[in-house]
Every structure is written in structure tokens, then in C-alpha cells.
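Please keep the sequence and the structure in view while reading.

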Amino acid sequence: MAGVPTTPGPGQVPPAHLRVTTQDREDVVEHIKAAYAEGRFDKLEFDDRLERAMTARTHGELVPIMTELYGSKAFPRSSPAPRPAAVSERAPESNERLGAAVAHMLPIVGFPIVGPLIFLLTGGKTSPYIRREALEALNFQITVVGASVLLPLTIVGAILVPFIWVAAIVLSIVGGVSALSESNFRYPMTIRLVK
């Protein structure tokens, strides 16, 4: 019937003016993640493409991203194939969980940056779990120390410093307990300088 839009078939690109669905955005995001994991572009390019994909409103905004990934050839409409099971991370062992918990809690006993750094440099070489948790703890402690140095320059900041220290102790304990239970703990309001 003339004038009635048809749904594009497999391998066909929808019209540029057609609004995208959440699933369309998520499919493109999966392709971007897969290409980044393959090392096809750097973190800055990854962030740019990810932002463009997540804010796209029409297919005309998603097509250039897919063209950047696959060139002018026909690109797949579905999500990339899942990674093989061998690549997925195994569950951390009890000694890895304990090491990650200690990396979170060492700042409480007076080793704010050095404690997580030691675990990052030692246990992080053999265990991705310890590395991830020690890295998170290290970035948080760098943020706390930086705030402790800079905030006293203002009157309000000087008043906030003790509250920040108490919050840092509580969050370190929560991070340690979380690491023991195999959870990925993310500290709030943390500047992640170390990657």
C-alpha cells in the first residue's frame, strides 16, 4: 500500500527520521563495548561514542556510530555475540576476598593511601578481584586525603573535615564487608585518578 511505512527487515537500515527505542540504543552500546574491549579505540573515543548512542533520538544519529564501527558495509542489527565463558571472571576465593577486605580496611588503622596501594601492587597482580577492590579503595583514600588538605582552607570546609573522616571510616568498613561477600563496592563522591 502506498504511503504506509514498512518495518525494515533484517540487515536493512531503518529510515533516519524514525525514533529509536531503548533496545536500539542498548544494541548499539553493546557493539561499542565490544569494539572497545577489542582495543579498536581508546577511552576518550569510547566515552564519546557511548554518550552519542545513549542520547540518540533517531536512527539517523545511531547509523554514523555503527558506520564508524563497521564501515560502509552492512552492519549487524542485533547485539554482538556474547563473550566466551572462558573470558568471564571466576568467583574470588576466600583469600582473595580477605585481601580485598583488608585493602578497604587498612586506612582505618592509619594507612590511608599506602595500605590499598600495597595490595594493588602485590595481590592485584595475581587477582583481578583484589586489584579492582584495592583500586577503588585507593582512589577513595586519595579523595579523602585531598579533601582533608584542601577543605580546611575555608571555614565551612574546616567544620566538614571531621565528618568526612567519620564517613570515610564507615565507608571503609562497608567496603571491607562488601568485599568479603563478593560484592563490587563503589565509594560515593570519589575522584578516580588511578585507573
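Helix H7 gives the most to the nonpolar patch, with 3 residues, where helices are DSSP runs of H or I with at least four residues, numbered from the N terminus. The model is predicted, so local features need pLDDT of at least 70 and side-chain atom pairs count only at pLDDT 80 or more, while totals for chains, interfaces and linings use all residues. Residues are numbered from 1 along each chain as its sequence is written, and side-chain values use heavy atoms, leaving out hydrogens and water.

The patch covers about 690 Å² and includes Ile-108, Phe-111 and Ile-173; its residues have over 30% relative accessible area and no salt bridge, with nonpolar side chains joined within 5 Å. Ile-173 sits in helix H7 and counts as partly exposed because its relative accessibility is 39% (buried means under 20%, exposed over 50%, and partly exposed in between, with a 1.4 Å probe and protein chains only).

The structure also holds 9 salt bridges, each a side-chain nitrogen of Lys or Arg within 4 Å of a carboxyl oxygen of Asp or Glu. Three of them are listed here.

| Pair | N to O distance |
|---|---|
| Lys-43 and Asp-47 | 2.9 Å |
| Glu-68 and Arg-49 | 3.0 Å |
| Glu-136 and Arg-186 | 3.4 Å |

Lys-43 and Asp-47 are 4 residues apart in helix H2, so about one helical turn separates them. Glu-136 lies in helix H6 and Arg-186 in the segment after H7, so this pair ties together parts that are 50 residues apart in sequence. Glu-136 is buried at 6%, whereas Arg-186 is exposed at 55%.

Note on methods:
Patches are made of residues with over 30% relative accessible area and no salt bridge: like charges are joined within 9 Å, nonpolar side chains (Val, Leu, Ile, Met, Phe, Trp, Tyr) within 5 Å. Accessible areas come from the Shrake-Rupley method with a 1.4 Å probe; for residues, only the protein chains shown count as cover. Helices (H or I, at least four residues) and strands (E, at least two) are DSSP runs, numbered from the N terminus.
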